[in-house]
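Here is my notebook from an afternoon of looking around one protein model. Come along and check each entry against the picture.

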Amino acid sequence: MQQFFDAIKAGKVDEVRQLIQQNPALKSARDATGASALLVAAYNMKPDVVKVLLDLGAPVDIFEASVLGKVDRIQEILKASPARVSEHAPDGFTPVALAAFFGQPAAVKALIAAGADVNAAAKNPLKVAALHAAVAGGKLEIVRTILEAGGDPNAQQQQGFRPIHEAGTRANRALADLLLNHGADPTLPNDTGKTAVDLAHEKGHEDFANWLASKRPTT
């Protein structure tokens, strides 16, 4: 089992294929956190391994479908069991947060349409909701979709980190504008007392920090 997951993380496509051919049960194996082989491959940015696993018949459940943007599969699962839209993966993340982080806008919209709570926090130390995941993934379209679906622009994750803090750290004005227009407050601190403006200054983004310091939420 360890050899199998090590091969996935290392992107050793041929070894993954060979191990599954020797032991087909590995297609459904899970690591110590409960993540499936497909999720481990996706988390480790190994698209070639993802493709091999799919080709060899690895199961695609709600979490894998969300990560991979397989909308038809998401809808199939939720038609049979609508409550699964609110499940947390074994490692704590919600389907909509996974879809957001991996940049799957159609999957995000399908999950929201099916009743996903965009403000549900992960059941792990990161405590990320869908908006945090979208901000981390850097996809403005998905950030906008989640905000328009009622995502809390000031929600806190681990260490009190808020979406606007990511904009400050990256000096991302487009992201900051979008968050501000939906009520993000740049004066709110993280658990160490630092605001998005402080974080921008720390990174040397002086022009951005001065611009952000002049802003207040518009809603």
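This is a predicted model: local features need pLDDT of at least 70, side-chain atom pairs count only at pLDDT 80 or more; totals for chains, interfaces and linings use all residues.

**Entry 1: a glutamate and its surroundings**

I looked up Glu166 and found that its side chain makes a polar contact with the side chain of Arg170, at 2.5 Å. By polar contact I mean a pair of N or O atoms within 3.5 Å; within protein, one must be able to donate a hydrogen and the other to accept it, and residues adjacent in sequence count only if both atoms are side-chain atoms.

Residues are numbered from 1 along each chain as its sequence is written, and side-chain values use heavy atoms, with hydrogens and water left out.

I placed Glu166 in helix H11, residues 163-170. Helices here are DSSP runs (H or I, at least four residues), numbered from the N terminus.

Is Glu166 buried or exposed? I found Glu166 buried, with a relative accessible area of 16%; buried means under 20%, exposed over 50% and partly exposed in between, with a 1.4 Å probe and protein chains only. Leaving out residues up to four places away in sequence, I saw that Glu166 touches Val135 and Phe161 (contact means heavy atoms within 4.5 Å).

**Entry 2: helix H10**

Next I took H10, residues 140-148, and listed its buried residues: Ile142, Val143, Thr145, Ile146 and Leu147. Their cover includes helices H7, H8, H9 and H12. Just after H10, I noted Gly150 with a positive phi of about 100 degrees.

How do H10 and H12 pack, at what angle? I read an angle of about 10 degrees, with the axes 10 Å apart. Axes are lines fitted to C-alpha atoms, for helices over the stretch in contact, and angles run from 0 to 180 degrees between N-to-C directions. That makes H10 roughly parallel to H12, a label for angles under 35 degrees.

From H10, Leu140, Val143, Arg144 and Leu147 meet Ala174, Leu175, Leu178 and Leu179 of H12.

**Entry 3: helices H2 and H4**

I then compared H2 (residues 13-22) with H4 (residues 47-55): their axes come within 9 Å and cross at roughly 20 degrees. So H2 is roughly parallel to H4.

Which residues make this contact? I listed Val13, Val16, Arg17 and Ile20 of H2, and Asp48, Val49, Val52 and Leu53 of H4.

Definitions and conventions
Helices (H or I, at least four residues) and strands (E, at least two) are DSSP runs, numbered from the N terminus. Angles under 35 degrees count as roughly parallel, over 145 as roughly antiparallel, 65 to 115 as roughly perpendicular and the rest as oblique.
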